[in-house]
Amino acid sequence: MPRVGLIVNDGKHLAVKTADAIEARLTASGREVLRVSSSGGMVGFANPDQQMRAKGYAACVPASFSEELELAIVLGGDGTVLSASRQTAPIGVPILTINTGHLGFLAEAYLHQLDEVLEQVIAGSWTVEERTLQVVSVLRSEQRRWEVLCLNEMALHREPLTSMCHFEIAIGRHAPVDIAADGVILSTPTGSTAYALSAGGPVITPDCPVLQLTPIAPHSLASRALVFSDREPVTIFPATPERLMMVVDGSAGCYIWPEDRVLIRRSEHAARFVRLNDHEFFQVLRNKLGWGLPHVAKPGNELEPLSGDEPMASREGRP
């Protein structure tokens, strides 16, 4: 019997209701449905008064999941997708993302398409696109104190008040660099449209094998976003006497002390996204972020009048 995973943001009524309908439909088609909560991929934040969790990232995989799963259907918003990637990537299971949240930048399908989507799943009419993941580890001496998979970005900054920090950053074999800023972001191409974009970084197409380092509010005009090969491991040494906060994909993180270092490297696993149709990245940017929309009139396009009683053409030449 084919087996399908179902990862649900069970804190959202709409996601739970939709999951019930999907489970009934797939069960009727002869598939076994393994349903879990997306909360299993939300690692959370380490308590600064306790030992940081030293579990490896594979600890997020649900006990009922295995490599034998045909795919896993994810119901929720972008945050749910980020959590689901930690639950599936270590065992290579592809995820089909159905948006029941807000923006849905990482969504493949929407609720009004549900019947058509399930027909394609049952027929096996889909392909897989792989996205790069990072492994973010916190080390003290040679001891791993905390580790998690990252699809979007790792951000390191001071809290609770924003102020300038100093970082020494070593990228692969290159000479270390010193950065003074409110914080730093290290993102994948998938994460280039998230926090890094808001901090002034470039948009990177998902097929580029690179990582991006973006300072947050840097102290120097010379500090700008840097794009480099994702084959280069990155080590960040906090050169600030106070503790820092590290946040990974918005749902995981821990405190970083002066004696710690953060190691970021490309994961041997990839986030595998089910594609039902041709996934055109520029079209996603246009639909979700308004990127590339025309800002001037083109031949054949009519400008809307400024009011209902006077066409635009009659105003030309007026002060």
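Trainee: Which residues line the largest cavity?

Mentor: The lining of the largest cavity consists of Phe105, Leu106, Arg131, Arg275, His279, Phe281 and Val284, where a cavity is a set of points, on a 1 Å grid over the protein atoms alone, at which a 1.4 Å probe fits but cannot get out, and a lining residue has an atom within 4 Å of a point. Before going on, note that this is a predicted model, in which local features need pLDDT of at least 70 and side-chain atom pairs count only at pLDDT 80 or more, while totals for chains, interfaces and linings use all residues. Residues are numbered from 1 along each chain as its sequence is written, and side-chain values use heavy atoms, with hydrogens and water left out.

Trainee: What volume does the largest cavity have, and how does its lining split by class?

Mentor: Its volume is about 50 Å³, meaning the space filled by probe spheres set on the grid points, which are joined across faces, edges and corners. The lining of this cavity has four nonpolar, one polar and two charged residues, with Ala, Val, Leu, Ile, Met, Phe, Trp, Tyr, Cys and Pro counted as nonpolar, Asp, Glu, Lys and Arg as charged, and the others, Gly among them, as polar.

Trainee: Switching to open space, what is the volume of the largest pocket, and which residues sit closest to its centre?

Mentor: The largest pocket has a volume of about 360 Å³, a pocket being an open set of points with protein on both sides within 12 Å along at least five of seven lines. It is lined by 19 residues, and the closest to its centre are Ala107, Glu108, Ala109, Tyr110 and His279.

Trainee: Which element gives the largest share of the pocket lining?

Mentor: Helix 5 does, with four residues, and the elements that give two or more are strand 6 (109-110), helix 3 (114-123) and helix 5 (281-289). Helices (H or I, at least four residues) and strands (E, at least two) are DSSP runs, numbered from the N terminus. The pocket lining divides into seven nonpolar, seven polar and five charged residues.

Trainee: Staying with helix 3, how exposed is Glu119?

Mentor: Glu119, which is found in helix 3, has a relative accessible area of 44%, so it counts as partly exposed, on a scale where buried means under 20%, exposed over 50% and partly exposed in between (1.4 Å probe, protein chains only). Glu119 and Leu26 are 93 residues apart in sequence, yet their C-alpha atoms are 9.6 Å apart in space.

Trainee: And helix 2, mostly covered or mostly uncovered?

Mentor: Mostly covered, since nine of the eleven residues in helix 2 (residues 78-88) are buried, including Leu82, Arg86 and Gln87. In the protein chain, buried residues make up 48% of 319.

Trainee: Which residues touch the most other members of the largest nonpolar core?

Mentor: Ile236 and Met246 do, in a core of 30 residues, defined as buried Ala, Val, Leu, Ile, Met, Phe, Trp, Tyr and Cys residues joined through side-chain atoms within 4.5 Å. Strand 10 (residues 165-171) gives the most to this core, with four residues, and a second, separate core of 23 residues includes Val36, Leu133, Leu149 and Leu151. Beyond four places in sequence, Met246 is in contact (heavy atoms within 4.5 Å) with residues including Phe45, Trp146, Met154 and Val262.

Trainee: Last topic: where does Asp249 lie, and is it buried or exposed?

Mentor: Asp249 lies in the loop between strand 16 (244-248) and strand 17 (252-256), has a positive phi of about 55° although it is not a glycine, and is buried, with a relative accessible area of 6%. Ser141 also has a positive phi, about 60°, and is placed in the loop between strand 7 (127-140) and strand 8 (143-150), but Ser141 counts as exposed at 54% relative accessibility.
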